[in-house]
Amino acid sequence: MCAALCGVLLTWLAPSAVSADAFDQPEHVVVRHDTILNYAPRYELRIDDAAASSAARFWHRVQQLPLYDRVTLDADGLAHGALDVHIMAWGAGDLTLPADRQLASGDFAVAYARAKVLEPISVWGGRRFLTWGLPGGLHLDGIGIEQRSAMGLHFEAIAGRPVGSVFTPIGAHSEYVEPTVAYGARLGYERPGQLAAGVSFLERWGHGIATNRTVMATVAYRSSDRLDMLATSTFDMGAGLEEARAQVAYLVSDAIEPDLGIVHADPQKLLPSWSILSMFAADVYDEGVLGVTMRLSRAVSTRLELAGRRAYLPGGQHDDVHFGHRADAILRYVPVPKEAEFIVELSRRDEATTTLDVGRVGASFRAYRRLRIAPEVGAAIDENAQKRTALLVRGSAELPFGSRWSSVLTVDLARTPVALAEVRSMLRVSYRFDSGGP
Amino acid sequence: MTYRMRRLAMALSVALLAGCTQHTPPRAHDTIKFSHGTHLRQGTQCTHCHAVIRPSGVLAPGIAPADATPQTADEALAAMPLRVQGGAPKNPKMPTEAQCRQCHTKPEEQRCGFCHTHPEAADTFASEGHGLHFDHQAHSGRHADVCMRCHGVDLSQSSVSSFEPRIPPMRSCTQTCHAEDLSALHCSRCHTDLHRYPKPDMRVVRHPPGFLHQHGARARASDGLCSQCHEPTFCSDCHTASPNVSADLLAPMDVTRQFIHSADFRARHPSEARLDQATCLRCHGPSFCDGCHRETGVGGGVGQSSPHPPGWLDPLSPRGHAREARRNILTCAACHESDAERLCVPCHRVGSIAGNPHPAGFGVGIDPNQRGVCRVCHTRSP
């Protein structure tokens, strides 16, 4: 039995599964570069008893004008298709901040190289974002091995040190915080357009404790272009079920696709077990979702979604249960080609103790020759605390110059719970080179 | 305002208006009038015109090869595709004007308007640009009924008169010879660039409104499929420790894209965090919230700048911390992740004011060495 299993495994891993000409992947290089000057005041909560107004007594504005520079490189098919390199790096400096504060910051968000050592096996090393392993994904400094067979099977194993993020006044940067090591593997099967399924296991250590032993399973299945199913669950072998989600959609006609979904989330279990707070009891959420997506035309689509939510304390008393609801509506106009686009988003969320109404209207269109403008208005109203109401009016203009350069100017007028009125602005100059196209 | 200044302002306004309304007439777009059905009905073979596609490279009898060496200047001019003199034709698979003229010899067929919709701006066939690597010779050599197998219909049908060749759908490739390439996601073997496809046209991937809420699960199930169109660094536009510029501000022109942090999320993040506790922690981890809150002076202790209401520490108060912590422990974690041991344990320990924190049967199945909180009081024996 064991020998047979090994035989199957070896056959699957055999390099001959895909012929050697798979190395002949054409070279494709994409380089992006952004220089961003962002003016957005920050606020610090400090007590100033001498201040005249109550607002000035607590919140103090910190002016800052950081300059960011971000470079992204995606190079596939180097060395006759055997090597891929992906880098995203950024740096920032702010001379307006006091010298004792952080004046400069920078980081590699992504930096890894992948080599096809023996097609279809490839290895990678460096800093990478993994979509699997933990809810929300995982940033890892490490190494991995991948294999994708012609049958659609996919195997991946990784090991390394998880990277967390630490906030600074001019940008959060990666740092080795708390977790010290993580390793795991994923096995998947894929038939593009029909079935994608995978199961992964990841163990993460921190403070000398195995803080997560997470099993994630995901299945996405589409049948005959009509039935679309998605199910995913995250299970910690120590804490139990962290979250689960299932959604079934059925394409009634080319224009109408209703769907039904359920969500279960236990946020307390998402806290790593080194945290003292992971021992406190917290609410568990169950949500039922009914939605419909309508494609009114090739360019216009809309989605309506209604959800009922129940939150309860596990093992708690009956009056600890509270109910809430959510209603979302989206109307989107995206023609092909994108000469102009438009969106309206409305959302109301009520959780018995908190009710939030969020709306956004945005449009983007060509105003004159190559000049595009994009007005946008957003509002968020916390019905339980009017002072938390936030408003944003944004105007953006983009002017491409040359075939690869573009400049974007954005001006925001905002009202926030802290500032009754404030102006922010951003100037971005971008460059994009794509060896495979314009 | 003086008269002179008024005139100047008026002149500037007129100039500005004139500049804004300056109208450039649209350039005529020429296309070649052509009916495949008419030609097929008269017995013309596909390779008569699309010579370069022919497997052997040898043209049919009586048809001069497109790249045959011209003997005279007139022949050279006639053989040269329009508008590309001195350069390669836009689409080498398409016939040159000289090839057409070899059959179309009648006087009325010599008028430019016979073929060109806009003779004044005559152009050759536009490059269709399907963005594919495709070797016609390698494929046609395998099949006897070459062209019609992929592009055509049954020639015996009456519809041949109105026939126009179709571009074969992707499934005709991936359900036959290229099934393994599809399974292994070797898209770049055929596609030169998937980014060029408008997303509504992608059959295997859909991004309907609200896709944001399911993109994580989809990516987990099939990240290889995502990376066929999106560069691997695409995820890190949002999923990264990055500059304090939110993703929606980095892409302000893409208004129809949905972002978690859209429309001044920072201003409403307290409410958002209360409504959907799991959302923040999925990406950020408690230390991210903790760092920002400390930097801004919010949290980090019940001191002078405490945001907590009066009675927060009173266990009997309806506004006390116990009820809120049960309801929303992640909100506590946003500020107190790093100092929770110092803050919570002095009260929540055996013999202190909050009493024994362990309910009956608490120790069953718990390894104190696998829980950080246990270590605060129960130090590991050497």
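A nonpolar core here means a set of buried Ala, Val, Leu, Ile, Met, Phe, Trp, Tyr and Cys residues joined through C-beta atoms within 7 Å. With that in hand, welcome to this predicted model, where the largest such core has 25 residues and includes members from chain A and chain B. The model scores ipTM 0.79 and pTM 0.72.

**Nonpolar cores**
- In the largest core, the residues with the most contacts inside it are Tyr68(A), Val110(A), Leu130(A), Leu138(A), Leu140(A) and Val245(B).
- At least two residues of this core come from each of these elements: strands S5 (83-93), S6 (104-118), S7 (121-130) and S8 (138-148) of chain A, and helix H12 (247-250) of chain B.

**Where the chains meet**
- Chain A brings 122 residues to the contact, and chain B brings 88 residues.
- On the chain A side, 61 of the residues are nonpolar, 36 polar and 25 charged.

**Chain A**
- You will find 3 helices and 26 strands in chain A.
- Chain A has 438 residues, and 35% of them count as buried.
- Among contacts in chain A with a separation of 6 or more, 44% join residues 24 or more positions apart.

**Confidence in chain B**
- The average pLDDT of chain B is 67, with 58% of the residues scoring at least 70.
- Helix H10 (residues 215-221) of chain B has the highest confidence, at 82, while helix H4 (residues 73-79) of chain B has the lowest, at a mean of 39.
- Residues 14-26 of chain B stay under 50 in pLDDT and have 0 contacts beyond four places in sequence.
- Residues 54-89 of chain B are also below 50, yet this stretch has 42 contacts in the model beyond near neighbours in sequence.

How values were computed
Residues numbered from 1 in each chain as written. Chains lettered and ligands numbered in written order. Predicted model: local features only at pLDDT ≥ 70, side-chain atom pairs only at ≥ 80, totals over all residues. Contact = placed C-beta atoms within 7 Å. Nonpolar A, V, L, I, M, F, W, Y, C, P; charged D, E, K, R; others polar. Buried ≥ 20, exposed ≤ 12 C-beta atoms within 10 Å, placed from the backbone. Helix = DSSP H or I, 4+ residues; strand = E, 2+ residues; numbered from the N terminus. pLDDT = per-residue confidence, 0-100.
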